[in-house]
Amino acid sequence: MSVKADLRGGAAHGVAMAGPSKPSDRASIRRTNLGLVLRLLRDSGPRSRARIASDTGLPRPTITGLISELVELGLVREGASERDGSVGRPSQAVEIDGRTICGIGLEINVDYLAVVALNLRGDVTFTRRIAVDVRSAGSEAVLDSAATLIREAAAAVQAVGARVVGAALAAPGNVDITTGRVAFASNIDWRDVAAVDGLRRRLGREAPPLRLENDAKLGAIAEYLVASASDIHDLIYITGETGVGGGIISGGQLMRGARGFAGEIGHMPLAPGGRPCACGRVGCWETMVGLGALLRHAAPDHDDPVHDPSLDVESRLADLRRRADDGDPRILEALALIADDLALGVALLVDVLNPRAVVLGGYFAVFADYLLPSVREGVARRVMAPDCGGCEVLPSTLGFTAPARGGAYLALDSVYQDPSATA
Ligand SMILES: [Zn+2]
């Protein structure tokens with residue numbers, strides 16, 4: 001069975017986010033085995049108990065017991081009949097259920113907050129985005145709004161009879177996932193903000209387990225769940241918002257680096273003597289291809305409503321998109337310039353990492369048909385390896401929801417690590 005078929009069945013192929021747990025006693029061995037079976041069903045699709053036994057190497061009676069427990073937890077259910085081999089009667093396949101188990105992802109970006117609740121099958125239970133000028137609002141007010149959105153999402157999840165197993169916050173900058181602090185996010189001017197503690201305090205007793213991760217890494221996780229259906233296991237996701245961050249999946253693993261700061265590609269100095277960047281340096285790639293650069297080139301008049309952070313980012317981009325479709329030379333020139341600079345940076349990343357795909361998110365995806373032909377041409381011209389090293393440049397299909405979706409998947413990942421903890 002292909003991975004694509006598994007996705008149609010609802011369960012998403014997993015990206016490795018955490019290391020294996022170490023079994024130390026009977027109960028923890030059982031917990032480990034529950035996780036093993038659940039991950040097998042996620043990654044390889046529905047199958048009979050006999051096949052699960054042969055795939056995991058565990059005895060058949062053990063598998064029967066584990067499946068009963070997973071059914072009781074609402075994590076798997078009986079699916080279609082499956083014939084094991086050419087003879088014998090067909091047996092019942094089991095598959096991921098998890099309609100009553102939800103994770104919440106909340107993205108803090110420069111000019112919006114976005115929340116998504118997904119169930120274990122990957123269905124959206126709740127989604128909402130609000131326009132917020134995050135830099136001028138300050139971290140305390142932003143965490144107030146974030147807590148309100150998480151409460152709203154949790155109420156929507158409970159209203160459909162499901163429960164929240166965790167929430168993950170996506171922040172646009174360097175984050176410390178062990179302390180839950182945003183170390184430095186230049187575009188929203190946050191330094192050493194205790195985001196997870198702040199949220200937990202606001203949510204009080206209702207707080208689900210909370211995690212923090214960089215927005216581009218979470219976007220990459222969400223994109224990988226789409227790309228893995230096409231057998232792509234090495235990809236780079238580029239955010240394409242005010243900030244330009246990168247999330248790298250290599251061999252199905254999220255690349256985090258020694259301290260978790262890998263992927264800050266927006267601050268590669270690609271224009272010596274160029275414009276000052278919010279990070280304090282000059283000529284960063286972000287100053288050339290971030291949303292700010294597009295707005296600066298396409299709408300030099302600062303009173304133009306496309307600059308207004310109180311308006312939703314997608315409606316501002318739809319306005320610019322209409323201008324491009326109407327042939328407005330300023331936006332067309334801006335897009336041509338951005339495409340050239342985008343190709344320059346993407347080619348460097350392709351040379352270093354040899355991905356199978358580079359997925360362009362955020363506003364890059366909105367203008368994909370304008371940007372992609374010349375980005376692809378520019379990348380192909382620069383990359384050392386023949387045929388671009390097999391790399392395709394693709395538009396994101398998840399748009400601005402990718403980081404929040406990735407957050408929801410990260411929150412749900414705890415279920416796969418320890419299914420019995422959802423009881
Ligand atoms: Zn910079």
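Predicted model: local features only at pLDDT ≥ 70, side-chain atom pairs only at ≥ 80, totals over all residues.
Student: Hi! Which protein atoms are the donors of the zinc ion?

Tutor: Hi! There are H267 through ND1, and C277, C279 and C284, each through SG. They lie 2.0 to 2.3 Å from the zinc ion.

Student: And what geometry does the site of the zinc ion have?

Tutor: The site is tetrahedral, with angles of 106 to 117° among the four donor atoms. For reference, the ideal angle for four tetrahedral donors is 109.5 degrees.

Student: What spacing do the donors follow along the chain?

Tutor: The pattern is H-x9-C-x1-C-x4-C. H267 and C279 are twelve residues apart, and both sit in the loop between β14 (253-254) and α9 (285-289).

Student: Is H267 buried or exposed?

Tutor: H267 counts as buried, because its relative accessibility is 13% and the cut-off for buried is under 20%. C279 is buried too, with a relative accessible area of 15%.

Student: Switching to the sheet: what is the order of its strands?

Tutor: The order is β14-β13-β12-β15-β16, in an open sheet of five strands with mixed pairing. The edge strands are β14 and β16 (392-395), and each pairs on one side only.

Student: So let's stay with β13. How many bridges does it share with β14, and in what sense do they pair?

Tutor: Strand β13, residues 246-250, pairs with β14 over two bridges in the antiparallel sense. I249 faces L254 of β14, and S250 stands opposite Q253.

Student: What about the turn of that hairpin?

Tutor: Two residues lie between β13 and β14, and G251 in the turn has a positive phi of about 55°.

Student: Which residue of β13 does Y237 stand opposite?

Tutor: That would be G247. Strand β12 (residues 235-238) and β13 pair over four bridges, again in the antiparallel sense.

Student: Why is β13 described as largely enclosed?

Tutor: Because four of its five residues are buried, the rest of the structure largely encloses β13.

Student: Last topic, helix α8. How does its span compare with what 1.5 Å a residue should give?

Tutor: They agree: the 13 residues of α8 (residues 215-227) should span 18 Å, and the end C-alpha atoms are 18 Å apart.

Student: How many residues of α8 are buried?

Tutor: Twelve of the 13, so α8 is largely enclosed by the rest of the structure. The buried residues include D215, K217 and E223, along with L218, I221 and Y224.

Student: Nice. What happens at the start of α8?

Tutor: There, a side-chain oxygen of N214 comes to within 3.0 Å of the backbone nitrogen of A216.

Technical notes:
Residues numbered from 1 in each chain as written. Heavy atoms only, no water. Expected span 1.5 Å × (residues − 1). Buried < 20%, exposed > 50% of the residue type's maximum accessible area, 1.4 Å probe, protein only. Polar contact = N/O pair within 3.5 Å; in protein donor to acceptor, adjacent residues only side chain to side chain. Donors = N, O, S within 2.8 Å, 3.2 Å for Na, K, Ca; no water. Tetrahedral: all angles 85-135°; square planar, octahedral: opposite > 155°, others 65-115°. Pairing = 2+ DSSP bridges.
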